Amino acid sequence: MTQVPNVHTAEPIPDAAREAIDALMSSGDLFRYTAPQDAPVALLEQEFAELLGSKFALAVSSCSAALFLSLKALELPRDSRVLIPGFTFAAVPSSVVHADCIPVLCEVGENYRINLADFEAKLDQDISAVLISHMRGHTSDMDAILALCEARDIPVIEDAAHSLGTTWNGQNIGTLGRIGCFSFQSYKMINAGEGGILITDDADLVARAVIMSGAYEHNWQKHKGPHGDNSPELAQAFAKWQNKLPLYNLRMSNLSAAVIRPQLPELMRRVRDGRANHDYVAEQLNTSPVLQVPAPLAPEVRAPDSIQFNLVNMNAQEIESFAAATEARGVKVQIFGLSSDNARAFWNWQFLNDLPELPQTRAMLMNACDVRLPVRLTKAELDVIVEILLVSAAEAKDRAAA
Ligand SMILES: *Cc1c(COP(=O)(O)O)cnc(C)c1O
């Protein structure tokens, strides 16, 4: 019989990374700005921008750092109000606080997407920027969001940490707003342990972000335009911002870039496998009367490495019993709202002043389950997980009925 798979271990890093790391070990050249050109970090930026179809990329230490730099690069005055979804990871409101801004939370519906009525209402409450976090890779209605923001001339940052490979109307997530931010933390589609990258078509904006990321003195000269070519507009922007901005030193090391680059050609395969795995599991979970996987929106083609589903018509006791039953069988189901420390439940963001109440988001979090589905899982392993979820759900209902 197939064993319950460990869903927390990663897949191996491609062998090609060894050679690049060996070279770095021999030369000791780990700092991105030592080599005159073609440092692994610089090559990663060029390749990533090309892969996503944007002009510029800046690799940094994490997606959180990319979000922070994006907000700083927008030159938002202190205490600017930044609208974010109430369902996201604590790193997102944290990056807003880090940038001396105030996060304003909007409601998220039971399909994990932004409630557009609440979004629109809050957008007119003195909002200076919008940070759309595509939480767990679920895309909100970006056509509506971009139109609302454009009409008010409010810049949009995309937190695409968990959306690498997702498309919206055929366009890559992360290229829809002014800036897109991605993560290379181990639980994301590309794994470097830690790391992040931001992409944009705006030369002035990326110049500010590059300098603040720690391109001190004239190190910005090692940042090029598309395809590694010299870019006069970029050089002009750098000259304008020289010595004018603080240096936060959030750079990426060459070692991280050496681990990431050989994974880029794997991305499309991972996206395909992840989506097929997710959709296979979703179809079977949806056969249960008490489990429900929300459908994607029509323009959205997803790139999941986890699955979220709602418990329908289950009371608190049945939900607890479902969680206990799955855990006893070896599948850890995280119900976002159930633990006292879940970093994705907004009421645990107690570092925020004036923490609001979001009744719709809270109701969703109390019923929404989260199970990791690493793209490497086989069909037999997926079947084991599905069986455990279905049996535990039926049992939780039966036990309550008895
Ligand atoms: C992982 C994640 C982050 C944080 O990324 P780091 O690289 O760990 O800073 C932010 N937002 C979302 C949606 C994430 O999934």
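Student: Which residue stands opposite Leu198 in β9?
Tutor: In this predicted model, Cys181 is the residue that stands opposite Leu198 of β9. That pair belongs to the contact between β8, residues 179-183, and β9, which run antiparallel and are joined by five bridges. Another pair in β9 is Thr200, which has Ile179 opposite.

Student: And how many bridges join β1 to β9?
Tutor: There are five bridges between β1, residues 56-60, and β9, and these two strands also run antiparallel. Within β9, Gly196 is the bridge partner of Val60.

Student: Is β9 buried or exposed, then?
Tutor: Five of the five residues of β9, which covers 196-200, are buried, so the strand is largely enclosed by the rest of the structure. The cover is on both faces, with Gly196, Leu198 and Thr200 buried on one side and Ile197 and Ile199 buried on the other.

Student: What order do the strands have in that open sheet of seven?
Tutor: The order is β1-β9-β8-β5-β4-β2-β3, and the pairing is mixed. The edges are taken by β1 and β3, the latter at 102-106, and each has a single partner strand, so one side of each is left without a neighbour in the sheet. On average, neighbouring strands here are turned by 25 degrees against each other, with direction ignored.

Student: Switching to the ligand: which residues are around it?
Tutor: The residues around the ligand include Ser62, Cys63, Ser64, Val92 and Ser133, as well as Asp159, Ala161, His162, Ser183, Gln185, Lys188 and Gly195.

Student: What about polar side-chain atoms and the ligand's oxygen atoms?
Tutor: Ser183 has a polar side-chain atom 2.7 Å from an oxygen atom of the ligand, and an N or O atom in the side chain of Ser64 is likewise 2.7 Å from a ligand oxygen. For His162, a polar side-chain atom lies 3.3 Å from an oxygen atom of the ligand. Taken alone the ligand exposes 390 Å², and the protein buries 92% of that.

Student: Now the four-strand sheet. What's its order?
Tutor: It is an open, antiparallel sheet with the order β10-β12-β14-β13. Its edge strands are β10 (291-292) and β13 (334-335), and since each has a single partner strand, one side of each is left without a neighbour in the sheet. Two bridges pair β10 with β12, residues 306-311, in the antiparallel sense, and Gln292 stands opposite Asn310 in β12.

Student: Which strands does helix α11 lie across, and what about α12?
Tutor: Helix α11, residues 316-328, lies across β10, β12, β13 and β14 (368-372), and runs at about 150 degrees to β12. Helix α12, residues 359-367, lies across β12, β13 and β14, and its angle to β14 is about 50 degrees.

Student: One last topic, backbone angles. What is phi for Asn313?
Tutor: Phi of Asn313 is near 55 degrees, a positive value in a residue other than glycine. As background, most residues other than glycine have a negative phi. Asn313 is found in the loop between β12 and α11, and it counts as exposed because its relative accessibility is 64%.

Student: And where is Asn243 found?
Tutor: Asn243 is in the loop between α8 (232-241) and α9 (254-260). Its phi is near 65 degrees, also a positive value in a residue other than glycine, and at 72% relative accessibility Asn243 counts as exposed.

Notes:
Residues numbered from 1 in each chain as written. Predicted model: local features only at pLDDT ≥ 70, side-chain atom pairs only at ≥ 80, totals over all residues. Heavy atoms only, no water. Pairing = 2+ DSSP bridges. Contact = heavy atoms within 4.5 Å. Axes fitted to C-alpha atoms, helices over the stretch in contact; angles between N-to-C directions. Buried < 20%, exposed > 50% of the residue type's maximum accessible area, 1.4 Å probe, protein only. Near = heavy atom within 4 Å. Polar contact = N/O pair within 3.5 Å; in protein donor to acceptor, adjacent residues only side chain to side chain. Areas by Shrake-Rupley, 256 points an atom, 1.4 Å probe, with all protein chains shown as cover.
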